Amino acid sequence: MIRIAEINDLEGIVAIYNQAIDAQFQVAFTHRFATEDRVGWFREHTPDKYPLLVYIADGRVVGWLSVSPYRAGREALRYTVDISYFIHKEYLHQGIGSQLLAAGLDMCRELGYKTVLAIILSKNTASVSLAEKFGFEQWAFLPDVADFDGVECSHLYYGMKL
């Protein structure tokens with residue numbers, strides 16, 4: 001079941017995010033977060049502007065998707081958003097990411113956004129595949145800009161016009 005995230009979902013959201021951090025090459029953060037570290041981020045994601053969706057299975061958060069401003073505060077970019085998605089490692093390859101991304105893109109359309117970006121590390125081939133499955137195209141390539149303890153990784157900008 002997909003729904004708008006509630007504050008009591010934050011612990012599960014952070015746990016999934018920390019899995020991605022631990023796995024490396026899925027997100028550019030290298031340190032884990034405590035739930036309280038992400039309260040401000042959570043509050044910035046309001047359903048009427050920047051929704052945060054969760055996928056609930058077996059009574060818990062097993063995936064999430066956020067719609068975030070791209071280059072916040074720059075008014076000319078107000079119709080462009082950045083979309084991110086993460087799935088609990090025990091629930092991969094079950095279609096949860098596809099369902100979340102479809103719901104997230106629908107919400108972006110409803111909110112009047114014109115452009116959606118997915119900014120992905122090049123070694124995160126699962127996220128690249130999911131974005132491409134939904135029609136995102138690679139719009140930019142930033143070579144070897146991320147460094148994970150001496151292992152460099154590129155940043156890919158995938159985009160879609162709605």
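Modeller: Buried residues make up 46% of the 162 residues in the protein chain, where buried means under 20% relative accessible area, exposed means over 50%, and partly exposed lies in between. The accessible areas come from the Shrake-Rupley method with a 1.4 Å probe, and for residues only the protein chains shown count as cover. This is a predicted model, in which local features need pLDDT of at least 70 and side-chain atom pairs count only at pLDDT 80 or more, while totals for chains, interfaces and linings use all residues. Residues are numbered from 1 along each chain as its sequence is written, and side-chain values use heavy atoms, with hydrogens and water left out.

Colleague: What makes Ala118 count as buried?

Modeller: Ala118 has a relative accessibility of 1%, and the limit is under 20%, so Ala118 counts as buried. This residue is found in strand S5, residues 115-121.

Colleague: How many helices and strands does the protein chain have, and what pattern do they follow along the sequence?

Modeller: There are 4 helices and 7 strands, taken as DSSP runs numbered from the N terminus, with helices being H or I of at least four residues and strands being E of at least two. Read along the sequence, the pattern is β-α-α-β-β-β-α-β-α-β-β.

Colleague: Why is the protein chain called as compact as a globular protein of that length?

Modeller: The radius of gyration, taken over C-alpha atoms, is compared with the globule rule, which is 2.2 Å times the number of residues to the power 0.38. For the protein chain the radius is 15 Å, close to the 15 Å that the rule gives for 162 residues, so the chain is as compact as a globular protein of that length. Its C-alpha atoms fill a box of roughly 40 × 35 × 30 Å, taken along the principal axes.

Colleague: What makes the contact between Arg3 and Asp9 a salt bridge?

Modeller: A salt bridge is a side-chain nitrogen of Lys or Arg within 4 Å of a carboxyl oxygen of Asp or Glu. Arg3 and Asp9 meet at 2.6 Å, N to O, and this lies within the limit of 4 Å, so the pair is a salt bridge. Asp9 is buried, with a relative accessible area of 6%, whereas Arg3 is partly exposed at 23%. Arg3, Glu6 and Asp9 are linked in a network of salt bridges.

Colleague: Which parts of the chain does the salt bridge of Asp22 and Arg32 link?

Modeller: The closest N and O atoms of Asp22 and Arg32 are 2.4 Å apart. The pair links distant parts of the chain, with Asp22 in helix H1 (residues 10-23) and Arg32 in the loop between H1 and helix H2 (39-44), 10 residues apart.

Colleague: How do you know that Glu152 is exposed enough to belong to a patch of negative charge?

Modeller: Patches are made of residues with over 30% relative accessible area and no salt bridge, where like charges are joined within 9 Å and nonpolar side chains (Val, Leu, Ile, Met, Phe, Trp, Tyr) within 5 Å. Glu152 has a relative accessible area of 43%, so this residue passes the limit of over 30%, and Glu152 gathers with Asp144, Asp147 and Asp149 in the negative patch on the surface.

Colleague: Which residues form the positive surface patch?

Modeller: Lys49, Arg78, Lys114 and Lys161 form this patch, and Lys114 is partly exposed, with a relative accessible area of 47%.

Definitions and conventions. Lys and Arg count as positive and Asp and Glu as negative; His and the chain ends are not counted. The place of a charge is taken as NZ of Lys, CZ of Arg, CG of Asp or CD of Glu. Buried means under 20% relative accessible area, exposed over 50%, partly exposed in between (1.4 Å probe, protein chains only).
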